[in-house]
Amino acid sequence: MNIVNITLFFIIVSLISSFVYYYKTMRLPARVRRAQEMIKNGNDKEASEIIKTVLNKKKDYVPARYLRAQMLHQQGQFVLAISEFNAILQTPDFSRHVNELKIHYELAELYNSTKAWKKEIDEYKIILTFNPDDINANHRLGLSYYKQNRYKDAKDALMRAINSDPSLDDCYLPLGISCYQIADYNNAENFLLKAIERPYKQEEAHYYLGLILKGKKDYDNAIISFERSKTDSKLFRKSLMRIGEIYFETANYDQAITTLETGLSSLKPRDEESIEFRYLLAESYEMDNKVQEAVHHWEKIQSEQPNYRSTQIKLDEYKALLEDVYMKQIFTSSFDALQPLLGEIIARLNYNIISKTFLNKNQAYYKVYHTKRINEPPILIFFARSTHEISENDINFFSRLLRDEKCKSGIYITTSRYGLKAKSAATAKSIELYAKDFLSKSIEKIKGKAKVKGSET
């Protein structure tokens, strides 16, 4: 009888224990659901207490740990959330309670927030092993690659995403820029145009579209794009510089100067981009023959970054030019005011001017005949006020003028110097060359003669 009672006692205890365990176990999901309700109602504190109680009873209860990890994420406690999600992945049979894919999504987002780019990418790669065509994974992986300047990878991932869902508006700009960076200009232009169609500001799209149009030499539309992109303060100086480059490339130096001068206040000391900007402005002044202004900016560059490009050489050359009083007169006088002096220089070569044609404010050509050989055909004299070396192309241009004006020979006079190819081309085309030294000596003689006449009177 005692044995029977003892057996019954153990059976009853076992049943009670099983019931208690079953009851407690069945209550855990209910408590987690209660905590979820608290979170929805904004009562995070009470939710945390419930989760803490659940985990005190069962420390590896996955639903509770998962909910705690989500709360940490929402509260911005990213490092703790990462630790919690990774701990869940190490828990046996965790996938019975939560979707593994959701954990990897959470981790990818957390790694993005903590700028752990490599780990973020690893998570997206794991996600794609579950589903290679996962739109969200390809989308976010592509954007992550883009942020790291991995443009080829960004293009591939974003193309997979957008081919599945063309409504992903935030793909078009990074796709356009990524294609541009890998020299896929046709696709770049297509995606940038689509980005511009979107109903929000797209100054960066306008900037890169401007670069493409500039490369295609569609300068008018390129300038329109850069004018739009410069409204973004981050792109202001870059956009101005690209516009300045277009005007410089098309020999519209006045407009290049006007454009670039508006960006001077945005330049930063010893900043590489600012120095490059100032150098372009100095070159524009140089090509416009405003030597003093060019020297000012080259001196500024030299003080901030010695030996930048050819700055020191240019400074030496142009300071010497400004120290030459006769050359300085040519460069500081208006072109109209120089005509009497140029006429006298030509007369000292024994030529009379029949006609003159102004090409611009720095170039003119004169049809002349020799005063002592009046029966000979007229020749053409070209004058170029310039600070840059005369090239073979310049000589070829003059050669075409000779043909158009029906002159067999000519004289090219410049304030600068001639390149070797220019000298060879001139010899072959019966063109005499006179450079800066000739002008200085001629003006010196003219001034000397004027002084003598003044003293005689």
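# Salt bridges, a sheet and a surface patch

Glu-109 forms a salt bridge with Arg-140, and their closest N and O atoms are 3.6 Å apart. Glu-109 lies in helix H5 (residues 100-113) and Arg-140 in helix H7, so the pair ties together parts that are 31 residues apart in sequence. Glu-109 is partly exposed, with a relative accessible area of 37%. The model is predicted, and side-chain atom pairs count only at pLDDT 80 or more.

Stay with helix H7 for a moment. The helix covers residues 135-147, and Ser-144 is found in it. Is Ser-144 buried or exposed? Its relative accessible area is 1%, so Ser-144 is buried. Which residues does Ser-144 touch, leaving aside its neighbours within four places in sequence? Ser-144 is in contact with Glu-120 and Ile-121.

Next, helix H6, which spans residues 117-130. Here the side chains of Lys-118 and Asp-122 meet in a salt bridge, 3.5 Å from N to O. The two are four residues apart in H6, which means that about one helical turn separates them. Lys-118 is exposed, at 63% relative accessible area. Asp-122 counts as partly exposed, at 30% relative accessibility.

Now move to Asp-60. Its side chain meets that of Arg-65 in a salt bridge, with 3.3 Å from N to O. Cover differs between the partners. Asp-60 is partly exposed, with a relative accessible area of 38%. Arg-65 has 14% relative accessibility; the cut-off for buried is under 20%, so Arg-65 counts as buried. This pair also belongs to a network of salt bridges that links Asp-60, Arg-65, Arg-68 and Glu-84. How many salt bridges does the count come to? The count is 27.

Turn to the sheet. Five strands form it, in the order S1-S2-S3-S4-S5. The sheet is open, and its pairing is mixed. Which strands stand at the edges? They are S1 (351-360) and S5 (431-434). Each has a single partner strand, so one side of each is left without a neighbour in the sheet. On average, neighbouring strands of this sheet are turned by 20° against each other, direction ignored.

Walk across the sheet from S1. S1 and S2 run antiparallel, joined by eight bridges. A hairpin connects S1 to S2 through two residues. In this pairing, Ser-355 has Lys-367 in S2 as its bridge partner. Lys-367 also has a bridge partner in S3, namely Leu-380. S2 and S3 run antiparallel too, with six bridges between them. S2 is mostly covered, since six of its eight residues are buried.

S3 and S4 pair in the parallel sense, over five bridges. Ile-381 stands opposite Ile-411 in S4. S4 (residues 410-414) is then joined to S5 by four bridges, and these two strands run parallel.

How many residues of S4 are buried? Five of the five are, so S4 is largely enclosed by the rest of the structure. Its residues point two ways. Gly-410, Tyr-412 and Thr-414 point one way from S4, while Ile-411 and Ile-413 point the other way. Residues on both sides are buried.

Finish at the surface. The loop between strand S2 (363-370) and strand S3 (379-384) contains Ile-374. Ile-374 has a relative accessible area of 57%; the cut-off for exposed is over 50%, so Ile-374 is exposed. What does Ile-374 form with Ile-354 and Tyr-369? Together they make a nonpolar patch on the surface, with about 280 Å² of accessible area.

Conventions:
Residues numbered from 1 in each chain as written. Predicted model: local features only at pLDDT ≥ 70, side-chain atom pairs only at ≥ 80, totals over all residues. Heavy atoms only, no water. Patch = residues over 30% accessible without salt bridge, like charges linked within 9 Å, V, L, I, M, F, W, Y side chains within 5 Å. Areas by Shrake-Rupley, 256 points an atom, 1.4 Å probe, with all protein chains shown as cover. Salt bridge = Lys/Arg side-chain N within 4 Å of Asp/Glu carboxyl O. Buried < 20%, exposed > 50% of the residue type's maximum accessible area, 1.4 Å probe, protein only. Contact = heavy atoms within 4.5 Å. Pairing = 2+ DSSP bridges. Axes fitted to C-alpha atoms, helices over the stretch in contact; angles between N-to-C directions.
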